[in-house]
Amino acid sequence: MKIAFDGRGINWYSGTGIGTYSLNILKNLLEIDKENSYHIFWCGGNFEKLNYHNTSFIFSSKKQYKFFENFYFPQYINTNFLDVYHLPQNGLGLNENILAYKVITLHDIIPYTMPDTVGKGYLSKFIENIPKIIKLADAIITVSEYSKEDICRFFPYSHDKIHVIPLAANSNFKKHRKDYCKAYLSEMFKINKEFILYVGGFSPRKNVPILIEAFSKIKNELKTPHNLVIVGSHKDQILQLEQLVSALGIEDDVIFTGYVSDDELPLFYSACDLFVYPSLYEGFGLPILEAMNCGAPVITVNCTSIPEVSGDAAIYFDGCDVLKLSNEIVDLVNDNTKKILYSERSTERAKLFKWEKTAEKTMEVYKLSNNE
């Protein structure tokens with residue numbers, strides 16, 4: 001097969017879920033597939049790591065992206081008789097004139113289910129384009145059964161062409177020695193106590209205020225002093241979170257780190273006493289897997305796709321129940337035996353999710369083009 005892959009999002013959305021997915025799925029496809037050829041649409045630099053014997057790069061410009069999507073890419077695909085075209089960034093940029101078998105990865109449809117939590121520009125673009133994209137696509141990959149149900153609720157005619165393929169954590173997310181991690185975090189981030197960790201965004205659906213409120217209620221009930229460490233870029237609702245911390249009088253106990261690189265994140269996960277992920281809606285919930293790969297005990301919510309990821313390895317609470325979350329944090333942090341148990345469960349659960357598996361299942365979707 002001759003496969004076209006839209007890799008522009010690897011640079012455009014670096015550091016986000018879509019960027020991480022695009023890079024990992026392409027990298028693992030190239031590692032397991034030595035027979036088919038890959039024509040990779042690219043924008044920017046840093047492509048050398050994907051330059052295999054069976055790859056060709058077609059370079060484009062971000063400024064003229066509409067020209068490439070509407071004219072150059074369709075012409076390239078059609079004149080070279082490519083078999084498959086995969087757009088991993090929710091299908092955005094898919095053109096109706098493409099003759100190849102069209103595969104999109106639709107991670108979730110949060111703009112439909114929780115529109116108030118999405119930026120106005122992206123919301124408008126998503127709502128305008130997704131119905132057309134879903135009709136045009138020959139196959140739709142999504143990342144959880146819950147996401148599939150959501151897509152089918154709004155687009156019931158899409159059911160038979162949806163394939164659920166779970167994600168995985170990057171290979172660098174693995175357990176490190178706790179003493180080394182703590183020393184590094186003390187020097188670089190001034191984290192000098194045991195700590196409870198959150199990693200992710202700060203939009204309203206991420207539900208971070210409930211974690212801050214729960215921590216404020218129980219910080220004095222913990223056997224040893226703890227910080228609450230909140231990792232994520234300083235954007236979205238960060239100002240409101242800082243104001244909440246100030247109003248609760250816990251400024252000395254809460255640390256906002258700002259952006260942390262993928263190289264450093266495993267050190268946070270490995271060193272924390274507990275990882276809490278209170279998000280009210282996730283298409284998948286990759287930070288949970290990252291934490292579990294590093295052996296962190298996890299408390300998270302019992303809704304949307306999250307139980308598919310966490311299984312019986314996490315402790316669950318209703319995302320709106322601050323008292324339940326407070327009690328679960330105290331019970332886990334103060335009970336060393338329980339911490340060890342849930343750390344071991346995390347490690348075992350994480351073994352079920354590998355990027356190689358994700359790539360193999362994606363290849364099975366590509367092969368469906370032979371039946372068309």
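Accessible areas, as I use them here, come from the Shrake-Rupley method with a 1.4 Å probe, and for residues only the protein chains shown count as cover. With that in hand I looked up the surface of the protein chain, and the accessible surface comes to about 16,300 Å², of which 50% belongs to carbon and sulfur atoms.

Before going on, I note that this is a predicted model, in which local features need pLDDT of at least 70 and side-chain atom pairs count only at pLDDT 80 or more, while totals for chains, interfaces and linings use all residues. Residues are numbered from 1 along each chain as its sequence is written, and side-chain values use heavy atoms, with hydrogens and water left out.

**Overall fold**

I looked up the secondary structure and found 15 helices and 13 strands in the protein chain, where helices (H or I, at least four residues) and strands (E, at least two) are DSSP runs numbered from the N terminus. The radius of gyration of the protein chain is 22 Å, close to the 21 Å that the globule rule gives for 372 residues, so the chain is as compact as a globular protein of that length; the radius is taken over C-alpha atoms, and the rule is 2.2 Å times the number of residues to the power 0.38. I also noted that 55% of the 372 residues count as buried, buried meaning under 20% relative accessible area, exposed over 50%, and partly exposed in between (1.4 Å probe, protein chains only).

**Histidine 86**

I then turned to histidine 86, which sits in strand β4 (residues 84–87) and is buried, with a relative accessible area of 0%. Leaving aside neighbours within four places in sequence, I found histidine 86 in contact (heavy atoms within 4.5 Å) with residues including Ala4, Phe5, Asp6, Ile141 and Tyr366.

Asparagine 207, in the loop between β8 (194–199) and α8 (208–218), has a phi near 65 degrees, a positive value, and asparagine 207 is buried, with a relative accessible area of 11%. Threonine 304, in the loop between β12 (298–301) and α12 (306–310), has a positive phi of about 50 degrees although it is not a glycine, and threonine 304 is buried as well, with a relative accessible area of 14%.
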